[in-house]
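This report describes selected local features of one protein chain.

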Amino acid sequence: MKRLNNLYYSKRIKELLAELQTAGTTLVVAPMGYGKTLAVQYFLQEQERCGKKVLRQSIYGAGAEAFWQGVCHSWQNTELGAALLQQSLPADANAKTLVLELFRQLLPQEPVYWFIDDLHLLESSEVIDFLFALSKAGFADLHLLLVSRGQIFDGSRLLELGRKVFCLDKHDLALQRDELAEYSSRCGLQLTAQQLDALHEACEGWFSVTYLNFLNYDRYQRFCLDTGSVYEMIANVLLRPLASEQQRLLLLMGQPEEFTPEQVAYAYGTSCRESVGRLLECNAFIIRLANGRLRCHHMLKQATRHAFGLLPEAEQQMYFRRLGQWYAQQKEYEEALDWLYRGRDFDGLLAAVQQLRDWSMHPQHRQHLFDWLCECPPEILWQYPQAVLIIMRRMFSLNMVPEMLQVKEWYVTALERNTALSQRERDNYYGELEVILSFLAFNSITGMSEHHRRAYKLLSGAPQTLSKQGIWTFGAPSVLGLYLRTGCSLRQTVEDMQECMPPYYLLSGWHGAGAAELTEAEALLLQGRIDEMDMPLQKAYYQAEKHGQECITICCDFLEMQRDLFRGVYSSKAEAYSRHQWQLQPWKQSMLLNSADMCAGFYYALLGKPEYIPSWLTDGNGQQPSVLYPARPCRNYISAQCLLAQGQYTELLVRWSDWEQECRPYSNFLCLLYLQVQRAAAFAGRGDVTSCRASLKQALAMAEADKLVLPLAQNIALLRPYLEQEAQGEYSAAAAAALHLGQQMEAGRGQIMSARFAEAGLQELTEQELQIAQLAAARHTNREIAQRLSLSEGTIKQYLNKIFAKLQIDAAAKNKRHQLERFFSNS
């Protein structure tokens with residue numbers, strides 16, 4: 001009796017697969033048709049029989065988002081899965097650190113085999129980076145099995161992983177001559193040695209082609225050794241010999257990525273369970289998955305999709321429509337959308353959209369989002385205002401603003417034409433529209449508030465378009481960096497925030513709580529009114545912590561760090577931030593880790609400790625950790641300050657134009673001011689006096705009206721001589737205030753350096769340097785030190801410059817020897 005669909009695993013293959021039990025990561029890389037997936041599935045089934053936990057994930061598209069959805073689905077019903085749902089695919093170092101920490105803390109305390117198939121379909125380096133980081137971490141109970149047609153990790157990464165990775169390739173999986181003989185015998189075929197030799201030579205151990213030849217030999221008593229295409233072989237052996245009904249059924253099986261027999265029968269339109277069953281019994285290219293569904297092998301899928309495309313268009317649309325209706329009936333609405341669109345069932349499409357309030361959106365939907373509404377007949381569109389609202393919401397997140405404004409007109413028309421709506425329903429829809437339109441008014445506080453107030457009056461409950469869990473600051477550590485739009489508007493901005501935030505709190509359930517108080521504290525700090533900012537800052541802390549707004553708490557810490565520099569108090573929060581030892585739990589948003597880095601980086605840049613600055617703030621390789629677009633100007637001026645601390649003046653000037661341009665879309669005045677000051681400081685660092693003066697004049701002109709002297713004071717080390725000149729000129733008040741505030745900061749910074757870093761700095765001095773430093777601290781002149789040590793004055797000057805650098809004493813400061821004296825008194 002012939003058993004052509006029986007799976008065959010040789011003793012050699014079984015021994016190789018046994019190695020997977022001890023490997024942290026296994027890479028199975030071979031061309032299609034070598035039985036990669038089947039071999040791994042065989043191994044996993046054996047593990048399941050032994051009670052081991054097995055997770056399976058298949059890749060069906062190129063998108064990173066779809067991959068991450070698959071990750072979350074794989075780990076669902078576990079504590080780790082619940083935490084991963086709060087994250088997105090880690091695209092930077094901080095996000096990877098956070099996700100790896102989740103794995104470390106929340107992995108089940110038992111061996112887990114996580115199988116990810118068809119990685120070759122991905123076009124995302126971020127996914128590969130994440131899988132490499134996971135492999136490198138080497139969690140003892142996690143076994144990662146990665147299958148692909150092409151290389152997964154490059155040679156350098158394989159070397160780095162070393163024994164943590166086990167590799168199988170096509171040579172391991174290919175049938176050897178003796179295995180081919182045993183395989184044919186188990187299938188019930190009686191082949192001669194000559195036939196086996198010819199088949200092995202032609203197929204080169206390629207499992208799929210061997211199987212197709214077995215089928216063809218069983219049917220026609222001959223092999224297909226000279227065919228030019230495996231797809232043509234599939235059509236000739238598996239498709240064309242079928243009766244008409246079975247052909248259609250097989251074509252339908254090849255359309256979805258996964259399917260069930262009931263789904264195929266529904267799409268075909270008549271009762272055909274027996275025909276479906278017979279197809280499944282006689283085709284080894286149809287794989288049964290662990291979730292109970294089935295999947296066509298890629299080779300069969302490609303052949304059936306090609307044949308399906310030759311059907312009349314109306315027939316194709318009929319089948320697509322039925323597939324979409326099947327998914328909708330199963331409440332798999334996201335899966336239904338594309339099928340319903342291809343089947344031109346716009347009524348079903350918009351009905352499905354209305355079920356997707358928290359729509360994460362598959363990548364393929366993005367290109368069709370606007371097409372759905374453009375091609376939908378108006379009389380259908382008018383019946384679904386809620387669906388149009390949901391699509392508008394997605395358009396804003398995709399930065400499709402022109403399309404969104406056009407859809408707004410359709411939305412209003414849909415509301416007016418839909419006579420079935422009650423007045424309350426209509427008001428709620430208009431209220432949701434106001435919430436969405438408020439985003440278009442960013443960063444006008446009053447403009448956004450007008451929409452919020454109208455929304456509050458219209459809505460009968462909480463809006464669906466706002467979430468208290470969202471990051472109100474977009475990842476920026478400065479509120480005025482986001483919302484100060486022009487010069488001469490600081491006081492008005494503070495007042496607007498105090499007036500407009502309370503209505504927004506009512507609307508959103510205290511989203512952004514503490515922002516109004518924080519804005520007042522930041523305004524006072526920017527004007528150098530250090531002692532006046534304590535009360536609003538503490539109020540902001542209280543409101544943020546009371547309502548769980550971590551992003552506002554981070555902004556409070558950012559202000560506190562800068563304030564304490566003037567008071568000579570070292571910030572323990574900055575140290576905790578730089579080491580990520582802070583109050584946020586690891587399953588919160590990874591973007592806030594990047595906000596923490598920005599806080600710490602800016603603080604240590606001002607303190608003069610560039611070695612503590614997170615590297616991504618200055619590396620400029622284009623792979624910077626993510627903050628949302630509105631927060632990028634804040635990130636940029638912080639990066640510029642870090643470059644100044646590192647002495648990378650040319651690098652700052654090279655990037656300056658791009659940074660300045662990113663401040664324009666939302667009129668980020670404070671960020672522009674910082675960049676202008678930092679540009680002047682960079683020119684000063686390069687010794688370009690003319691350019692420095694020109695940039696400094698522009699910065700003083702921007703700062704003077706609102707007395708925004710903090711950015712100037714924070715760069716006193718490079719700008720002092722130029723500010724002293726300007727103190728006699730057109731902008732004398734601003735320059736003088738900046739000099740005074742800068743001297744306060746230098747004094748506070750000196751206290752911190754002497755108290756916190758004196759001992760470490762002194763240990764770096766050589767014996768000769770230490771002797772010279774002690775004499776200088778005792779107020780001996782360079783000439784006196786030179787005479788005592790029999791050295792030249794020039795040599796003493798060079799030594800002192802090295803000593804000041806090692807002890808982090810500002811070489812431009814006038815009181816260097818006083819700071820040096822404090823070093824010795826504190827050490």
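Lys408 counts as partly exposed because its relative accessibility is 26% (buried is under 20% relative accessible area, exposed is over 50%, and partly exposed lies in between, with a 1.4 Å probe and protein chains only). Lys408 sits in helix α24, residues 401–417; helices (H or I, at least four residues) are DSSP runs numbered from the N terminus. Leaving aside neighbours within four places in sequence, Lys408 is in contact with Met392, Leu433 and Leu437, where contact means heavy atoms within 4.5 Å. The C-alpha atom of Lys408 is 8.3 Å from that of Leu389, 19 residues apart along the chain.

The model is predicted, and local features need pLDDT of at least 70, side-chain atom pairs count only at pLDDT 80 or more, while totals for chains, interfaces and linings use all residues. Residues are numbered from 1 along each chain as its sequence is written, and side-chain values use heavy atoms, with hydrogens and water left out.

Two helix pairs are compared in the table. Axes are lines fitted to C-alpha atoms, for helices over the stretch in contact, and angles run from 0 to 180 degrees between N-to-C directions.

| Helix pair | Axes come within | Crossing angle |
|---|---|---|
| α14 (residues 261–268) and α17 (residues 313–329) | 8 Å | roughly 135° |
| α9 (residues 177–186) and α11 (residues 207–220) | 12 Å | roughly 40° |

The angle makes α9 oblique to α11, and α14 and α17 are likewise oblique to each other. Angles under 35 degrees count as roughly parallel, over 145 as roughly antiparallel, 65 to 115 as roughly perpendicular and the rest as oblique. The crossing of α9 and α11 is right-handed, as is that of α14 and α17; right-handed means that the near helix is turned clockwise from the far one by less than a right angle.

In the second pair, Leu180, Tyr183 and Ser184 of α9 meet Phe207, Thr210, Tyr211 and Phe214 of α11. That contact has five nonpolar, two polar and no charged residues. Here Ala, Val, Leu, Ile, Met, Phe, Trp, Tyr, Cys and Pro count as nonpolar, Asp, Glu, Lys and Arg as charged, and the others, Gly among them, as polar.

The largest nonpolar core has 119 residues, and those with the most contacts inside it are Trp472, Tyr483 and Leu723. Such a core is a set of buried Ala, Val, Leu, Ile, Met, Phe, Trp, Tyr and Cys residues joined through side-chain atoms within 4.5 Å. Helix α36 (residues 669–686) supplies the largest share of this core, 13 residues. A second, separate core of 93 residues includes Cys187, Leu239, Leu279 and Cys296.

Not counting residues up to four places away in sequence, Tyr483 touches Phe442 and Asn443, among others. The peptide bond from Phe442 to Asn443 is cis, with omega near 5°, and Asn443 is found in the loop between α25 and α26.

Lys331, in the loop between α17 and α18, is not a glycine but has a positive phi of about 65°. Lys331 is exposed, with a relative accessible area of 62%. By contrast, helix α18 (residues 333–342) has eight of its 10 residues buried. α18 is followed by Arg344, whose phi is positive, near 60°.

How values were computed:
Helix = DSSP H or I, 4+ residues; strand = E, 2+ residues; numbered from the N terminus.
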